[in-house]
Amino acid sequence: MHVVENRDKLLARVRRIAGQVAAIERQLSGEAGCSETLQLVASVRGAVGSLMEELIEQHMRDHVARPGLTDKEREAAAEEMLALIRRYGK
């Protein structure tokens, strides 16, 4: 996947997600309440979902919808994306 144009932005998002996951670990290691921990987990889930959506969009634009692709290239990229979406949906 070509993520060169948004690499810094995507890496910043991944680092924020890593920070959120570390916060969950701290919560579970300490005496945090269930509600706060669940809220953190929900935040991580949302952040990962948003990251996945952005990566899917980039893939679709670069490898499926971009002008000049052959039908074979377009079909292969679409099949790859469908497989990823199926895995993500489980």
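Q: Is Glu54 buried or exposed?
A: In this predicted model, Glu54 counts as buried, since its relative accessibility is 16%, where buried means under 20% relative accessible area, exposed over 50% and partly exposed in between, with a 1.4 Å probe and protein chains only.

Q: Where is Glu54 found?
A: Glu54 is found in helix H2, and helices here are DSSP runs of H or I with at least four residues, strands being runs of E with at least two, numbered from the N terminus.

Q: What is Glu54 in contact with, leaving aside its neighbours within four places in sequence?
A: Glu54 is then in contact with Asn6, Lys9, Leu10 and Arg13, a contact being heavy atoms within 4.5 Å.

Q: Which polar contact does the side chain of Arg13 make?
A: The side chain of Arg13 makes a polar contact with the side chain of Glu54, at 2.3 Å. A polar contact is a pair of N or O atoms within 3.5 Å; within protein, one must be able to donate a hydrogen and the other to accept it, and residues adjacent in sequence count only if both atoms are side-chain atoms.

Q: And where is Arg13, and is it buried or exposed?
A: Arg13 has its place in helix H1 and is buried, with a relative accessible area of 17%; not counting residues up to four places away in sequence, Arg13 touches Ser50, Leu51 and Glu54.

Q: Which residues make up the largest nonpolar core?
A: That core has five residues in all, namely Leu10, Ile17, Ile24, Val44 and Leu51, where a nonpolar core is a set of buried Ala, Val, Leu, Ile, Met, Phe, Trp, Tyr and Cys residues joined through side-chain atoms within 4.5 Å. H1 and H2 are the elements that give two or more residues to this core, and H1 gives the most, with three residues.

Q: What covers the buried residues of H2?
A: The cover includes H1 and H3, and the buried residues of H2 include Thr37, Gly49, Gln58 and Asp62.

Q: How many Å apart are the end C-alpha atoms of H2?
A: They are 43 Å apart, which agrees with the 45 Å that the 31 residues of H2 (residues 34-64) should span at 1.5 Å a residue, the expected span being 1.5 Å times one less than the number of residues.

Q: Changing topic, how many helices and strands does the chain have?
A: The chain has three helices and zero strands, and from the N terminus on its elements run α-α-α. The radius of gyration is 17 Å, well over the 12 Å that the globule rule gives for 90 residues, so the chain is more spread out than a compact globule; the radius is taken over C-alpha atoms, and the rule is 2.2 Å times the number of residues to the power 0.38.

Q: What about Ile85, where is its place?
A: Ile85 has its place in helix H3 and is partly exposed, with a relative accessible area of 39%. The C-alpha atoms of Ile85 and Met52 are separated by 9.5 Å, although these residues are 33 residues apart along the chain.

Q: What is the mean pLDDT of the chain?
A: The mean pLDDT is 89, and 96% of the residues reach 70 or more, pLDDT being the predictor's confidence in each residue, from 0 to 100. Local features need pLDDT of at least 70 and side-chain atom pairs count only at pLDDT 80 or more, while totals for chains, interfaces and linings use all residues. Residues are numbered from 1 along each chain as its sequence is written, and side-chain values use heavy atoms, with hydrogens and water left out.
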